[in-house]
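Thanks for coming. I would like to go through how the parts of this model pack, one element at a time.

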Amino acid sequence: MRAIEFQEYGDPEVLRVVRTGTPEPGPGQVTIDAAYAGVNFADLKARAEGYRVPSLPFRPGLEVSGRIRAVGPEVTGLRPGQEVAALVDGGAYAEVVLAQATTVFPLPQGLALRTAATLPTVVPTAHALLHEVGRLRAGESVLVHGAAGGIGTVAGQLARAAGAGAVYGVVSSTAKAGHALEHGYDEVFTTSTFAEDVRRATGGRGVDLVLDPVGGDTLRLGLDALAVFGRLVSFGNAGGQAPWQVGQPELYPQGRSVAGFSILGLAQTAPEALRALAERSFRTVADGTVRLPVTAEFPLAEAAQAHRLMGNRTSTGKLLLRVAATASPSDPL
């Protein structure tokens with residue numbers, strides 16, 4: 001089978017198409033004939049920095065959609081030929097993907113494989129950030145960094161559906177603002193001025209909830225943008241700065257709080273909680289509450305081009321790799 005691997009860290013050019021043996025499922029595992037694979041910022045960090053890479057060569061990719069090829073011992077509720085989406089800890093950039101059965105999700109009726117590939121990391125993460133961790137209540141205000149990206153696109157729509165009083169987004173350039181405004185946001189700010197913009201938009205009150213994947217100085221400014229009793233949820237360190245620290249001086253005076261979330265961490269420590277979260281969040285796509293547009297799609301062999309586009313920070317929505325020869329860019333969403 002064909003797969004994408006890198007044998008050294010570096011620019012997108014280190015990604016190579018390789019021919020390798022087809023995996024077989026062990027106990028508690030399944031193999032999936034991949035139709036599409038999602039492209040995520042974590043894949044770029046793995047390629048460039050070794051993020052979550054145990055050894056080289058390494059095959060990136062965290063999410064895949066397709067049909068189950070084979071089922072290993074001790075697996076129940078899944079069968080060959082079944083259409084699924086899966087969250088994997090690497091390896092999705094391949095024609096056949098090995099996955100733990102606990103993170104393989106049968107698709108709701110009517111959900112196409114192309115759409116399904118956008119779901120495993122993005123939709124459960126956005127749902128958890130707002131509801132399970134952020135505990136957003138109707139009428140509250142929320143500020144989302146990366147509002148034009150995959151998670152941001154979903155978070156804006158979910159916040160609006162939950163009855164948020166105001167939904168603010170932060171983007172890295174004004175060119176991305178239009179995309180965010182089409183997906184639930186009332187107002188969109190640029191990264192350099194967001195703290196002042198929040199205070200202006202809220203009359204100095206601040207927002208009730210901040211969702212931050214950037215870390216570093218952005219997180220500290222976000223903490224200052226919180227209202228009294230506000231909450232901040234950290235879900236990444238995309239800025240690459242030193243790990244943030246927060247304590248009594250920042251939190252006690254106005255009753256603010258900070259929480260964190262990692263979908264890969266949840267998959268490893270509480271897979272049943274992840275499964276329940278995925279089922280809840282996938283329903284928001286099946287019932288039309290959430291629409292996650294695929295804004296760019298590349299054949300598997302052009303994975304480097306997909307990484308280049310995302311790395312330039314000009315992309316919006318979701319990027320996919322088309323894996324199966326029978327999959328088509330015109331497949332229904």
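Helix 11, residues 303–311, has as its buried residues Ala303, Ala304, Ala306, His307 and Met310. Buried here means under 20% relative accessible area, exposed means over 50%, and partly exposed is in between, with a 1.4 Å probe and protein chains only. Helices are DSSP runs of H or I with at least four residues, strands are runs of E with at least two, and both are numbered from the N terminus.

Two remarks on the source. This is a predicted model, in which local features need pLDDT of at least 70 and side-chain atom pairs count only at pLDDT 80 or more, while totals for chains, interfaces and linings use all residues. Residues are numbered from 1 along each chain as its sequence is written, and side-chain values use heavy atoms, with hydrogens and water left out.

Back to helix 11. What covers its buried residues includes strand 1, strand 3 (29–39), helix 1, strand 14 (294–299) and strand 15 (318–322). Contact is taken as heavy atoms within 4.5 Å. After the helix comes Arg313, with a positive phi near 60°.

Next, helix 10, residues 271–286. Its 16 residues reach 22 Å from the first C-alpha to the last, close to the 22 Å expected at 1.5 Å a residue; the expected span is 1.5 Å times one less than the number of residues. Which residues of helix 10 are buried? They are Leu274, Arg275, Leu277, Ala278, Ser281, Phe282, Thr284 and Val285. They pack against strand 5 (83–87), strand 7 (104–106), helix 2 (113–116), helix 3, helix 4 (150–161) and helix 9 (263–269). Helix 10 is followed by Gly288, where phi is positive, near 90°.

On the helix 3 side, consider His127, which lies in that helix. His127 is buried, at a relative accessible area of 10%. Leaving out residues up to four places away in sequence, His127 touches Glu132, Leu158, Leu277, Arg280, Ser281 and Thr284.

Now the cores. A nonpolar core is a set of buried Ala, Val, Leu, Ile, Met, Phe, Trp, Tyr and Cys residues joined through side-chain atoms within 4.5 Å. The largest one has 52 residues, and Leu87, Leu130, Val142, Val154, Tyr185 and Leu211 have the most contacts inside it. Helix 3, residues 122–133, gives the most to this core, with six residues. Val154 touches Val122, Val123, Ala126, Val290 and Leu292, again not counting residues up to four places away in sequence. A second, separate core has 41 residues, including Leu44, Leu78, Ala94 and Ala306.

Last, the rings. Rings of Phe, Tyr and Trp (its six-membered ring) pair if their centres lie within 6.5 Å; planes under 30 degrees apart count as stacked, over 60 as edge-to-face, and the rest as tilted. A search of the whole structure finds four aromatic pairs. One of them is Phe6 with Tyr9, tilted, 6.0 Å centre to centre with 55° between the planes. Phe6 is buried at 0% relative accessibility, whereas Tyr9 is partly exposed at 38%. Phe6 also forms a tilted pair with Phe58, at 5.7 Å and 55°. That pair links distant parts of the chain, 52 residues apart: Phe6 is in the loop between strand 1 (2–5) and strand 2 (16–19), and Phe58 is in the loop between helix 1 (41–49) and strand 4 (63–71). Phe6, Tyr9 and Phe58 form one aromatic cluster.
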